[in-house]
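Here are my notes on the model, point by point. Please read them with the structure open.

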Amino acid sequence: MSTGTSAVGRRRFITFLVAAPTLTIAARLGIDVTADAPAMAAGRPTTTSSEPTTEADLGTTYVLRVTSDNRIIFESPKADVGQGISTALAMLIAEDLDARLTDVHSELADADNLPGQSVGGSRSIRDAYDPVREMAAQARARLVTAAARRWGVAADTLTTRDTAVHAPDGRSETYGALAADAASVTSPDVATTPKPISEHTIIGTPASQQEGRAIVTGAMRFSLDVAVDGALPTVVARPPTIYGTVESVDASDTEAMSGVVAVTTIPTGVAVTARTFHEAQRGREALRVTWGPGPVDDVSDSTVNERLAQAIPPFADPPLLSDHVDGRFEFAFVNHAPMETNAATADVRPNSAVVWSSTKVPNGTRRQVAEAIGLPEDAVTVHVTRGGGSFGRRLSSEAQIEAALVSQALGRPVKVMWTRDDDTQHGRMRPASMHRMRITYLAGEMVSFENLSSAVQLDFGLSPVIIGIDPGALGYPSIGSAFFALTQHTPYALGTETKELNEVPFEFPTATWRSVYSGHNRAAEELMMDRLASKLGKDPLGLRIALANDQPAKALLRRLRSESAWGTALPAGWAQGIGYHEEYDGRAGCVVTIDATDPAAPRVTSALVAADMGIPVNPMGLEAQFMGSVMDGIASILRAGNHIDSGSVRESSFADFLWPRQRHAPTNFRLVLMPTTGTSIAGAGEIAIPAAAAAVASAYGRATGTQPWRFPLNF
Amino acid sequence: MPTYKLFVNGEHVSVDAPADMPLLWVLRDLLGITGPKYGCGIGACRACTSHLNGKEIQPCVVPIADCANKHITTIEGLADGETLHPVQQAWLEEDVPQCGFCQPGQIMATAALLKTNKNPSDADIDAIANVCRCGTYCRIRKAIKKAAQA
Ligand code: FES
Ligand code: FES
């Protein structure tokens, strides 16, 4: 039964009471609840950039249940891989339900039938903010009504707090004790609208991650920690070059080894299943496989760079008497490298299959697994576990498919783990890219900004960010170029803008890397602002303030200037650097200080992020996201990247893929949140990365008197 | 296949394993102790960090043969029942974890460090080489200092 529909901005949803023995409310987002569905599927501009339509328009279901033992169970369709989504969603519920935060428990939902059950594009909290609070308000109204009827008093005399309903005479009843009665309240006697921001006590107040205790005690279960009876460790021997093929296998030595149970050839390589991962790896080493070539065997970094350069057209002829500043920037491939490698457990039976794994696209994973093993989708169950990081990695399902194929072949459950070298050499990467930029000005006025970029083709896979993008209809040659055009927004008034991304169709295993194109392209644009400032003899932060498109941007940049003590004298070899970015309905700026006295071993010593998040839900979680984003900026600008040698990734582990350690991290990090606007809510996961990457490169350039252009710098 | 006796988190266990099997797989695959994480298998990421006779080790590169009759503590054995170890407590208070995958190793490395260095300097903390892909380093630093004061 429908309890109401609402439209919040462009996102519509419906909340409804679910027939159940205990109070259960669901909320559903999607085009199926709107009248103007076709228009929405085409994508609409939002406040700061024109983002493609995504999951919100295609359906996501949230379910909230009040149990008799006074717990609020929230089935979250949003995979938590460390972004803090579960805690933020629990906060939304606790706020409008008047429940103690500790009584709200988020559980990761299994794969459902709605394509919108996915995490990406920094959309989760933006999409959930209204429907989830309304669900909670709907539940609260029913609990109050049930108490009023039980006590024979007027519902509007009752109050709620601490997961209980209270009467003026001192009587109280827990939600748990009212949940069965409340389940049959079809029309509540009190309002079901969420609280105004001025009454928020939980939203906006720092809260630590709910899973903290499980993590610090080692109790948290990640993909391979789930105990599935009899599931055998399995690793896959992979080709020496990317996407190489298996031609023949001699497994005789392997099969004779102690602990080895089976050897199975699958499309991606040769799987060795054993009693332990140690024995599986030893068995893998003993295989004799003849490998066929892959599609990029003759491709190395030099080939990639040549093709990227060829794909960039020349600049337009500059107008007479104008002056310009040019830049060329190159970014290497960079692996996602989540701490937990690609991993999954699967139990495939003749007519059904169960998969346990972390995935940000549970039903995409389910569909791909079903296809791979030839079962109907509804015969496959995907249990979503917590994931050890993603950064875009868990938008593809290779390990889940491999586990299902091997389990099917062996007729028993298996757990597939990608070793770190597998994940580094055959896992996904941010595509290598090249950017040529020119800012043209005449008599002190900005005339034009040209940004002509190229990148290795990006495999968006199951990523929700491209749902609804039809590149052909929009006039772009590829999804990547369309996505680039829709998302890459320059926050400065630079005159006429020309921006294009030309994709080069190399078959590398790529995937959207946290912030997709913004992490490199927008960082490069910010470096152009530094170059422009230097050419004009202006301060880079002052010039940004002068050229920023709108007042909120100027306000944030000014705040950054004052909070960072911008321009303070520093020792030789030290400098501050600045970056600014707008996306995901928010704004973020970053100032870092770098010690580059040894240019080969620079260290960012402190970092300040200022962000305009609209309505911040969990400042503690935001700080964590921005701290991580600063580290991603440090990594991708200074240290971490991948080389390609004749179709192979040169790096193989954290020994040579130089992800920052503690000694590369700032000792001082600070977040400043701009005052709540109370009107919109911004996505936090990716917004600070372009700003941080730019700030690090900017600081390095200013400290060393160079113009950095090829990243990572020490590579 | 030889049999080894170990004391894991205060309990006697015995396992049949080849002498060269890294302790990590003995713990995870034979004993079902999944707190120590696999992140690289070559001693580079330190996600597996645990203690052998009270000292920090990376179980992915320590063969079981070197652990016979010794005391092994994993993240599961660090707390005293329901009472968290001061390092775990500091980690919670600073809300250190993001995904959490590296944190058992970070906590065990810190617990080992604080046994021999009651008041680690910034340089001592910089020497901790555990990778955190999520980038929680600033909170780790704060939590280490807090735990040192506890
Ligand atoms: S798994 Fe042991 S150090 Fe990486
Ligand atoms: S918390 Fe995710 S790797 Fe450290």
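1. A:D98 counts as buried, at 16% relative accessibility. Buried means under 20% relative accessible area, exposed over 50%, and partly exposed in between, with a 1.4 Å probe and protein chains only. A:D98 sits in the loop between helix 2 (85-97) and strand 6 (104-108) of chain A. Its phi is positive, about 55°, although A:D98 is not a glycine. Most residues other than glycine have a negative phi, and most peptide bonds are trans.

2. Keep the basis in mind: this is a predicted model, where local features need pLDDT of at least 70, side-chain atom pairs count only at pLDDT 80 or more, and totals for chains, interfaces and linings use all residues. Residues are numbered from 1 along each chain as its sequence is written, chains are lettered from A and ligands numbered from 1 in the order in which they are written, and side-chain values use heavy atoms, with hydrogens and water left out.

3. A:S122 also has a positive phi, about 50°, and is not a glycine. This serine lies in the loop between strand 6 and helix 3 (124-151) of chain A. A:S122 is buried, with a relative accessible area of 13%. Helices here are DSSP runs of H or I with at least four residues, strands are runs of E with at least two, and both are numbered from the N terminus.

4. Where is A:T359 found? The residue is in the loop between strand 18 (353-357) and helix 9 (362-373) of chain A. A:T359 counts as buried because its relative accessibility is 0%. Leaving out residues up to four places away in sequence, A:T359 touches A:A79, A:T365, A:V382, A:V384, A:R394 and A:Q400. Contact means heavy atoms within 4.5 Å. A:T245 is 114 residues from A:T359 along the chain, and their C-alpha atoms are 26 Å apart.

5. Helix 17 (residues 619-639) of chain A has the span its length predicts. At 1.5 Å a residue, its 21 residues should span 30 Å, and the end C-alpha atoms are 29 Å apart, which agrees. The expected span is 1.5 Å times one less than the number of residues. The helix is mostly covered, with 18 of its 21 residues buried.

6. A:S636 belongs to helix 17 of chain A. It is buried, at 5% relative accessible area. Its contacts, not counting residues up to four places away in sequence, are A:R430, A:W513, A:F711 and A:P712. The peptide bond from A:F711 to A:P712 is cis, with omega near -5°. A:P712 is in the segment after strand 31 (710-711) of chain A.

7. Helix 14 (residues 518-536) and helix 15 (residues 540-547) of chain A pack at about 105°, with axes 9 Å apart. That makes the two helices roughly perpendicular, a label for angles of 65 to 115 degrees. Helix 14 contributes A:E526, A:M529, A:D530, A:L532, A:A533 and A:L536, and helix 15 contributes A:P540, A:L543, A:R544 and A:L547. The contact residues divide into seven nonpolar, no polar and three charged.

8. Chain B is divided into domain 1 (3-77) and domain 2 (86-149). These bounds come from an automatic or database domain assignment. The domain centres, taken over C-alpha atoms, are 21 Å apart. In the contact, 15 residues of domain 1 meet 13 residues of domain 2.

Terms used
Axes are lines fitted to C-alpha atoms, for helices over the stretch in contact, and angles run from 0 to 180 degrees between N-to-C directions. Angles under 35 degrees count as roughly parallel, over 145 as roughly antiparallel, 65 to 115 as roughly perpendicular and the rest as oblique. Ala, Val, Leu, Ile, Met, Phe, Trp, Tyr, Cys and Pro count as nonpolar, Asp, Glu, Lys and Arg as charged, and the others, Gly among them, as polar.
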